[in-house]
Amino acid sequence: MGNIRLLPDHVASQVAAGEVVERPASVVKELVENSIDAGARRVRVEFSGGGARLVRVTDDGCGMDREDSLLSLERHATSKIRSASDLATVATMGFRGEALPSIASVSRFRLTTRRRGDEAGTEILISGGKIESVADSGEAPGTTIEVAALFHNVPARRKFLRGEETESARIVHQMQALALAHPGVALSLVRDGRLLWQAAPAEDLLVRVRDLFGSGLTDRLMPIASGEENGIAIEGLIAKPGEARPDRELQFVILNGRVVQCPAVFQPLREAYAEALAKGRHPLAVLRLSMDPLAFDCNVHPAKREIRLHRPDLLRQAVYNATRRSIEALRNPPPTVPRMPSFSPAPALERTAQRPQLAPSDAAFAPLPQLDLPAVPPATQATLETTPEADFRLIGGLSDRWILMEGSDGLVIVDTRAASERILFETMRREAAAGSIAVQTLLLPTVAELTQKDAVWISEHLEALRSAGFHVESFGGTTFKIEALPACLTDADPEASLLEVCEVLRSTGLLGSEKSATDALIRSVSRVAALNGFLYNEDRARRLVRDLLRCELPYACPQGRPTMIQWSLAELDRRFGR
Ligand code: ADP
Ligand code: MG
């Protein structure tokens with residue numbers, strides 16, 4: 001008995017028209033989604049020639065009988081919706097009934113399918129949309145679809161395809177996204193006869209991520225604080241502070257089980273990291289969102305990649321808050337949780353090549369009481385909080401650039417410059433918000449003769465400079481009087497440090513990307529001040545670590561570089577071959 005029916009015309013016309021098949025990766029997406037809709041537990045994808053020569057998808061799903069398999073190749077034939085009102089709440093991946101006929105019309109297409117229990121299966125061969133043969137076949141239950149010579153009959157479309165490597169990379173990325181959206185389904189990907197990866201069914205998203213990308217990546221992720229806000233449930237994995245990429249390759253958004261592109265997610269995600277990531281960097285993220293299907297329209301793009309949210313602001317807010325909570329939880333472990341989420345700030349992917357010896361460890365910074373500092377403030381009965389610097393034992397300094405400590409699970413190395421920068425930045429930002437940046441008034445004002453370019457810039461920003469601690473007055477022309485400096489620049493030469501701050505602002509492009517010139521200046525001042533260098537002694541080291549751990553975002557400097565890294569005991573064991 002057939003399951004597939006033709007959509008009435010008026011329903012078909014409500015389905016936005018357009019091409020489903022842009023490139024081999026879109027064929028992969030449509031076929032795998034069909035397999036998943038068919039209840040497959042196991043899907044194998046093979047391709048060659050960047051997918052243009054061949055894409056073959058084999059599943060163990062429900063299969064089709066003869067009638068349905070023929071009907072599945074007719075336009076607007078779908079087993080998944082029956083009326084226009086179903087469109088709003090569709091729960092399957094497909095519903096437009098367009099993919100198979102579209103693909104079959106631009107390729108050499110072979111479908112074999114058999115329902116469990118049926119004696120014979122069906123094989124259908126189509127070329128350029130014309131059915132060439134329909135025959136019995138005796139395959140295993142399930143469906144296999146082979147798409148060969150994609151666009152062989154549409155040269156213009158074929159020319160539009162990029163090189164084999166690019167198309168292959170798109171298929172791999174598409175498969176990663178599908179695998180993340182459907183962790184319960186076993187998936188494997190084979191390129192030119194070689195298995196690229198296979199992922200067993202996984203309850204846990206982290207396991208799936210590891211199967212796809214390796215444990216190098218899982219070490220760089222932490223769970224997002226899950227919860228529900230504005231009717232939107234969020235779960236998934238996001239980057240630990242400092243873990244980012246210059247592109248969005250590793251950002252996946254899955255909405256109600258469907259991979260989507262959604263700027264309303266990316267933007268608040270990035271904002272929530274604030275300066276815990278360097279400028280222009282994007283956090284890694286796999287976000288799984290669920291919300292009422294009536295809250296968005298998923299039928300705005302022929303490949304259903306994009307969605308239209310009725311209230312994007314609600315989603316933005318939910319993503320921002322969940323991300324923010326996760327980052328803040330690194331700093332304030334709840335007293336009942338014995339360990340902080342695993343955190344090992346490591347150089348970002350693209351930097352690991354330069355620092356191969358600093359392999360990120362898999363261990364965690366534990367919540368720490370005191371670093372033999374003066375008495376711990378008495379714990380109130382409500383919080384019983386440990387102070388952040390707990391559990392670290394100071395070992396010593398290393399060439400004034402690093403502080404070595406024993407943590408609860410190994411060696412912790414603090415970068416003194418990145419740490420100072422973070423501390424100064426947060427201190428100045430707090431002071432600026434209160435309108436009281438600490439300044440040091442010069443006994444004798446310095447008169448500085450500037451270049452035309454610097455002079456113009458400085459006279460345009462006198463107000464911002466003042467709120468960042470530089471009291472500068474124009475003396476006419478290119479001459480300026482410097483009366484006070486931010487307190488953290490105390491020992492510096494006033495003119496040189498003013499120019500250096502301006503230079504940092506210009507060279508980093510901070511100005512313009514910041515909300516205000518004062519913020520940009522504060523960032524530059526803390527950078528310049530941190531360049532002054534750290535002279536190791538025990539007291540300074542303790543103070544630096546204590547101040548760092550009391551910061552809002554202690555694990556990365558304002559430019560997003562890690563302030564500390566950890567080598568776990570397990571990692572040390574491994575390296576010494578114990
Ligand atoms: P849609 O997925 O939008 O319904 P498609 O053109 O992708 O449209 O598929 C048409 C129909 O063919 C589906 O509704 C489904 O009934 C059937 N079908 C496609 N692929 C499979 C498969 N792998 N296993 C079982 N049935 C399938
Ligand atoms: Mg489909």
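A: Two strands pair if DSSP finds at least two bridges between them, and helices (H or I, at least four residues) and strands (E, at least two) are DSSP runs numbered from the N terminus. Residues are numbered from 1 along each chain as written, with chains lettered from A and ligands numbered from 1 in written order. The model is predicted, so local features need pLDDT of at least 70 and side-chain atom pairs 80 or more, while totals for chains, interfaces and linings use all residues; side-chain values use heavy atoms, without hydrogens or water.

Q: In what sense do β22 and β23 pair, and over how many bridges?

A: Strands of a sheet pair through backbone hydrogen bonds, either parallel or antiparallel. Here β22 (residues 402-407) and β23 (residues 410-415) run antiparallel over six bridges; L404 has I413 in β23 as its bridge partner.

Q: What is the strand order of the open sheet?

A: Follow β21-β22-β23-β27, four strands with antiparallel pairing. At the edges, β21 (393-398) and β27 (564-568) each pair on one side only. The twist averages 20° from one strand to the next.

Q: Which strands does helix α13 touch?

A: Contact means heavy atoms within 4.5 Å; angles (0 to 180 degrees) compare N-to-C directions of lines fitted to C-alpha atoms, for helices over the stretch in contact. Helix α13 (residues 416-433) packs on the sheet against β22 and β23, at about 65° to β23. Helix α18 (residues 538-549) packs there too, touching β21, β22, β23 and β27, at about 70° to β22.
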